[in-house]
Amino acid sequence: MDFETSKWDQHYYGLWFIQNYYDITVVGDTLINNIQYHKLHEEGMSYLYEVSQDEISDSVEINGYAGAIRENDQKQVFLIRPGQNEERILFDFNLNLGDTIDLLGNEVLEEYAVVYEIDSVEICGTWRNRY
């Protein structure tokens, strides 16, 4: 995965009528637990939508460190979230039939799925497995 030119556009519609619109880009490298990562930066806006008045009642700028990301030789992409030192698998492009994956990726809630089908899809000029 080419992280140097990657950009993720995020649109998040949360509970209590919060809407976040922001971009995540790579802004350099960092070393965490003696492993090289790419630093992620997020920039955008968070809006509080007032339903009764059908308008935005408040907004906050999003601008800062969004975590660290890396890919290993086994086509696994790892993420370390802000304030954490332990990496989690964000993507695994090397799964096999019957493998179990963590859908939520957090320690509070656990939900898993089993790979029952694999095909390929082209993403930015690179063919990747789809599970």
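Contact here means heavy atoms within 4.5 Å. The model is predicted: local features need pLDDT of at least 70 and side-chain atom pairs pLDDT 80 or more, while totals for chains, interfaces and linings use all residues. Residues are numbered from 1 along each chain as its sequence is written, and side-chain values use heavy atoms, without hydrogens and water.

View 1. Strands are DSSP runs of E, at least two residues long, numbered from the N terminus. Asp-92 is buried, with a relative accessible area of 17% (buried is under 20%, exposed over 50%, partly exposed in between; 1.4 Å probe, protein chains only). Leaving aside residues up to four places away in sequence, Asp-92 touches Gln-74, Lys-75, Gln-76 and Tyr-131. Its side chain makes a polar contact with that of Gln-76 at 3.2 Å, and reaches the backbone nitrogen of Asn-94 at 3.0 Å. A polar contact is a pair of N or O atoms within 3.5 Å; within protein, one must be able to donate a hydrogen and the other to accept it, and residues adjacent in sequence count only if both atoms are side-chain atoms.

**View 2. Tyr-112 in strand β8 (residues 112-114).** Tyr-112 is partly exposed, at 46% relative accessible area. Beyond residues up to four places away in sequence, Tyr-112 touches Thr-100, Ile-101, Asp-102 and Leu-103. The C-alpha atoms of Tyr-112 and Ile-101 are 5.5 Å apart, with the two residues 11 apart along the chain.

**View 3. Contacts of Ile-69.** Not counting residues up to four places away in sequence, Ile-69 touches Phe-3, Tyr-37, His-38, Leu-40, Val-77, Phe-78 and Leu-90.

Technical notes:
Helices (H or I, at least four residues) and strands (E, at least two) are DSSP runs, numbered from the N terminus.
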